[in-house]
Structures are given as structure tokens and as C-alpha cells.
Amino acid sequence: MLTVKLGKATDNDIVIDNEYVSRHHAKLTRDEHGALFIEDLGSTNGTFVNNDRIVKKKISLSDVVKLGENYLLDVKSALKFDNDYSEEFAELKKVYDTYIREKIRIQSSNQFKIRLFQSAPFAVIGLVGLIIAIAGKNNRALMIVSLVLAVCAPTLGIYLGARQSAKIPELLQNLANQFKINYVCPKCGMFLGEIPWEGLANKKQCSNGACKAKWVKA
């Protein structure tokens, strides 16, 4: 359960310097099921949810919460008063693992296709040779087909293999571009590079001096 005390006094979790906010104005809580509640602590100017004055009310992140006459509370930011982003950071493990798995898949599957394109023509030539051996070497039509295949098939295989090989850099680049969008610090959005998630977890917090989000609970 998370509790965030809000008010003008310095012993609050979030200190609010506003003339209409009381010393101990309200309390924001998130229970073990993830439900959010805002509770007024007997403030002078009241606590409002969607313009309705409340004593205690269950809220969502989309609700407009106001303390006193004009202080709008950013509930999402308030929940991060202690800079704890461990839950969001844990989700990045799936992002990293998926990226590595997809990178390996692209490389291995395309390498297989390249080898297949390059080797298939020789298998075709061998098959035609077997047919000629069975049908007889005097079959002029088969001999011509065999000659054409012997010349064209390897060339076609090399072309198709090269074409498949040319797709790999683009596929990897598209994957990397999406990875750079998703694998970022959950607070400041800084790209975390290709450092394995476990390596980042050992650092425990963001290396950005202006951020210092906590990635792992102490």
C-alpha cells in the first residue's frame, strides 16, 4: 500500500506552497489492488474531484483533482513522489528479451533463406541430370533444358540469395529503431542502449543526473 501526504507543512511527502492549501491538506493512497483514493484531511478550502468537494473518494488517473481553490494535483506524478519507477522498469525486461529474440530470428531465418536460394539451383540441375540418365542421353529436348538450367539456375540462385541478404540490414534497422523508442528510462525517456536489462538493474537507478529514477527498490 502506498500513502502520499499532501500539504504546506514540510513533514508532508509532497510540500505544496499555495495559499489555499492547508498544512496537512489531503492524503493520496493506492491499495494493494492498485485502487486509488484521495482523502481530505480536514482542510480549510477543501479537496475536489471533478469539481465536487469530497471527504474521501476513489479516483482514476483521468479524474481532475484540485486542492483548495486552484491547485491542480498531478496524480500520476504524485504517486512517484519517492522517485520509485521499479514497476515500470521491470516491464523493460520483456522489451529487451523480445528485441534480442527478434534480432536472432531475423538473422537466422534470412540466413537459411539465403542458403536455400543459393543451393536449390544445384539440386534442380542434379534432378534434371537424373531424369536425363533415366530417359536417355539421346533426348535432345532434355539435353537443351539441362544446358539452360546449368547456366541460368546458379545465376538465379545467386541473385535471389543476394536479394534476400539485402533485406537483413533494413529489417534489423527497423527493429533497432523501435527498440530505441521502447527501451528507455520510464521517467526521463533516455535510451538505455543495448545494455542487458540485468546489467541496468545492477545500477539500481538512472544514470541521468537530472533524473535519478529508482529502478530497483532498496
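Are Tyr-96 and Tyr-183 buried or exposed? Tyr-96 is buried, and Tyr-183 is buried as well, where buried stands for under 20% relative accessible area, exposed for over 50% and partly exposed for what lies in between (1.4 Å probe, protein chains only).

1. Basis of the note. The model is a predicted one, in which local features need pLDDT of at least 70 and side-chain atom pairs count only at pLDDT 80 or more, while totals for chains, interfaces and linings use all residues. Residues are numbered from 1 along each chain as its sequence is written, and side-chain values use heavy atoms, with hydrogens and water left out.

2. Overall make-up. The protein has 4 helices and 9 strands, taken as DSSP runs numbered from the N terminus (helices H or I of at least four residues, strands E of at least two). Of the 218 residues in the protein, 33% are buried. The protein exposes about 13,600 Å², and carbon and sulfur atoms supply 57% of that area, as given by the Shrake-Rupley method with a 1.4 Å probe. Among contacts (heavy atoms within 4.5 Å) with a separation of 6 or more, 44% come from residues 24 or more positions apart.

3. The open sheet. An open sheet of mixed pairing is formed by 5 strands in the order β2-β1-β3-β4-β7, two strands being paired if DSSP finds at least two bridges between them. The edges are held by β2 (14-15) and β7 (56-59), and because each has a single partner strand, one side of each is left without a neighbour in the sheet.

4. Pairing within the sheet. Strands of a sheet pair through backbone hydrogen bonds, either parallel or antiparallel. Strand β1 (residues 2-7) runs antiparallel to strand β3 (residues 26-30), to which 5 bridges join it, and Leu-2 stands opposite Arg-30 in β3. Strand β1 is also joined to β2 by 2 bridges, here in the parallel sense, with Ile-14 in β2 as the bridge partner of Leu-6. Strand β4 (residues 36-40) pairs with β7 in the antiparallel sense over 4 bridges, and Phe-37 stands opposite Lys-58 in β7.

5. Charges over rings. Phe-37 also has Lys-56 over its face, at 5.5 Å from the ring centre, and the charged end of Lys-66 sits over the ring of Phe-48, 5.2 Å from its centre. The criterion is that NZ of Lys or CZ of Arg is within 6 Å of the ring centre and within 35 degrees of the ring normal.

6. Aromatic pairs. Rings of Phe, Tyr and Trp (its six-membered ring) pair if their centres lie within 6.5 Å, and planes under 30 degrees apart count as stacked, over 60 as edge-to-face and the rest as tilted; by this rule there are 7 aromatic pairs. Tyr-96 and Tyr-183 form a tilted pair, 5.6 Å centre to centre with 35° between the planes. This pair links distant parts of the chain, 87 residues apart, with Tyr-96 in helix α2 (residues 86-135) and Tyr-183 in the loop between α3 (140-182) and α4 (197-203). Phe-179 and Phe-191 form an edge-to-face pair, 5.9 Å centre to centre with 90° between the planes, which joins helix α3 at Phe-179 to the loop between α3 and α4 at Phe-191, 12 residues apart.

7. The aromatic cluster. Tyr-96, Tyr-99, Phe-179, Tyr-183 and Phe-191 form one aromatic cluster. Phe-179 is buried, with a relative accessible area of 4%, whereas Phe-191, at 32% relative accessibility, counts as partly exposed.
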